[in-house]
Amino acid sequence: MEVILVIVIGVLYASGLYMILRRSFVKVIIGLIFLGHAANLLIFTVGRISKGIPAFISIEGTLAENAADPLPQALILTAIVIGFGVQAFAIVLFKRAYQTTGTDDLDELNTTDELIQ
Amino acid sequence: MLLVLPIISPFFFAIIMMLFWNNTKAHRIINLVSSAASIIFAVMLFSNVNNSGIQVFQVGSWQAPFGISLVADLLSAIMIVITSVIGFSTAVYSLATIDHEREKFGFYPLLQTLLMGINGAFLTGDIFNLYVWFEVMLISSFVLLALGGRKKQLEGAIKYVTLNLLSSALFLAGVGILYGLAGTLNMADLARKLPLIDNPEMLTLVSMLFLIAFGIKSAVFPLYFWLPASYHTPPAAVSAIFAGLLTKVGVYSLMRVFTLIFINDTDFTHTIILVIAGFTMLSGVLGAASQMDIRKILSFHIISQIGYMIMGLGLYSPLAIAGGIFYIIHHIIVKTNLFLVGGAISKIRGTYQLKKLGGLYKLYPILGLLFLIPALSLAGIPPLSGFWAKFTVVKAGLDLGEFTIVAVSLFVGLLTLFSMTKIWNEAFWKDAPSETIGNKFSGSNTQKAILFLPIVLLALITITIGFYMEPFFDIAQQASEQLLNPNLYIDAVLGVSNE
């Protein structure tokens, strides 16, 4: 299981990086989303994966051996919610920028870097 | 309890403002009340921390390290006080400069949520919570930057948003790996547990992830390209608060994690920070020298000044870190003020471009004086605050025998003076070019008074720090002692119960 997840994370990071290096607005957003997912899965994996043992403390007050750690999942949930909000904003921003500037090519967004002499 | 107020209070007032969504007059008043209240809470918190040491609050009574702790040591308290002062100045300034369109779309509630995010980032003692506060701060800043929807603003916002989201993803990955290593997220607990882990290579690796993530946010070399592309696009009030506070949250986070958590291999990590500091100073000031737009010059100077603060951290001695903290105090006030003066210039002339400006000294000699105070302070002319800040950092560098970085910082100081005199010559001293667009302050006399009030206030603070630097420096020194003695922080968080 870990091995599969590790490969998935690697592929997500690689494709995310590739996508944010593209010039099209939409591909940049997809790249950002991939990077967010890769980070989430990374937390999931490093938080140790164990199968079928819930993280409940029994009446005797002991935690089952190899119980799942619930904290990484709580972190991921938080990160997903935050990521969702931020990505929604990014999509609207990029759409608005497309409408205003009339281009979806990042290389043409260079008016703010122009040197005025 | 006092620890929650700087976070809760702006949030509370932001919600109240949202209840009166269409009433911009109410927004203006509530915004002022909220900013003034923040100053009171911040000063109360500061005097508390100053008198009785590090303050800790366990949110929801969940004991550390299981719950989220809010921690205020001297560095946090200093940052909270400055944030509230800058927040207040911007709140006043925006009354005269923000147009009605932006006010209608919730400029003031956004300003308060931004301040809430910044305060939260300064106060939290939990590394994942820091990520959450970063996001609160970022989303408010995204909207503030794009609000108004001008072409330039949107272009700047795209660059700002993309790079900051990238930095957040890296930060999150770093937090995840750190949790995998230590099994805790509480910063004090991390500081206690990480030395016991026999995987120092991994720890150094994670520290580099954090360095890059916070490096993007604090705009260090070579990760700063979003800053000069976006900071000159929003209205002056927004530029000013961004310039003063946002990058400094990154610097604060660097100072926090590289004095508390990642101190296992300081030879390696802090040398990297020192090298970065040198390049940041130099590339920032060279960028500024090539620009002819007031706000772009000032934006590049933010970068070069960040270098000095990081240099304090990289030198990693009590005096150096005290110098870094003192530099932050001085820089936030001076830089915000310069952006406010820049805004005032554009209110008079209608442009930020130096070629089209001129003759302002004849028209408004007082504005010239008000520009000179922060400008000369930024360049480090005695006896203004910047001189003491630079002097401390340079002295610390000399004590440690790091002559290269000292030479770079002195050279950069000279170039800073050069570009400040460039603004002075072009905007104030030379004769106005014939096609000057405007030569009168556009607006009523009350607006003029409102515009100048925060500028005068911040200039007075700069002069006070300059002529009466000892108490300020004492506090910076105490803050640095606290930072370099992580056990104080650890004991305060993990040893004290909630009552």
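Tyr316(B) is partly exposed, at a relative accessible area of 24% (buried is under 20%, exposed over 50%, partly exposed in between; 1.4 Å probe, protein chains only). This is a predicted model: local features need pLDDT of at least 70, side-chain atom pairs count only at pLDDT 80 or more, and totals for chains, interfaces and linings use all residues. Residues are numbered from 1 along each chain as its sequence is written, and chains are lettered from A.

Tyr316(B) sits in the loop between α13 (294-315) and α14 of chain B. Helices are DSSP runs of H or I with at least four residues, strands runs of E with at least two, numbered from the N terminus.

Most residues other than glycine have a negative phi, and most peptide bonds are trans. The table lists some backbone exceptions.

| Site | Feature | Value |
|---|---|---|
| Tyr316(B) | positive phi | near 55° |
| Ser61(B) | positive phi | about 60° |
| Phe221(B)-Pro222(B) | cis peptide bond | omega about -5° |
| Pro382(B)-Pro383(B) | cis peptide bond | omega about 5° |

Ser61(B) is in the loop between β1 (55-58) and β2 (69-72) of chain B. Pro222(B) lies between α9 (200-218) and α10 (226-230) of chain B. Pro383(B) lies between α16 (365-379) and α17 (385-400) of chain B.

Now the helix packing. The axes of α14 (318-349) and α19 (445-467) of chain B come within 9 Å and cross at roughly 150°. Axes are lines fitted to C-alpha atoms, for helices over the stretch in contact, with angles from 0 to 180 degrees between N-to-C directions. α14(B) and α19(B) are therefore roughly antiparallel (over 145 degrees; under 35 is roughly parallel, 65 to 115 roughly perpendicular, the rest oblique). Contact (heavy atoms within 4.5 Å) involves residues including Phe326(B) and Leu340(B) of α14(B), and Leu451(B) and Ile465(B) of α19(B).

Technical notes. Heavy atoms only, no water.
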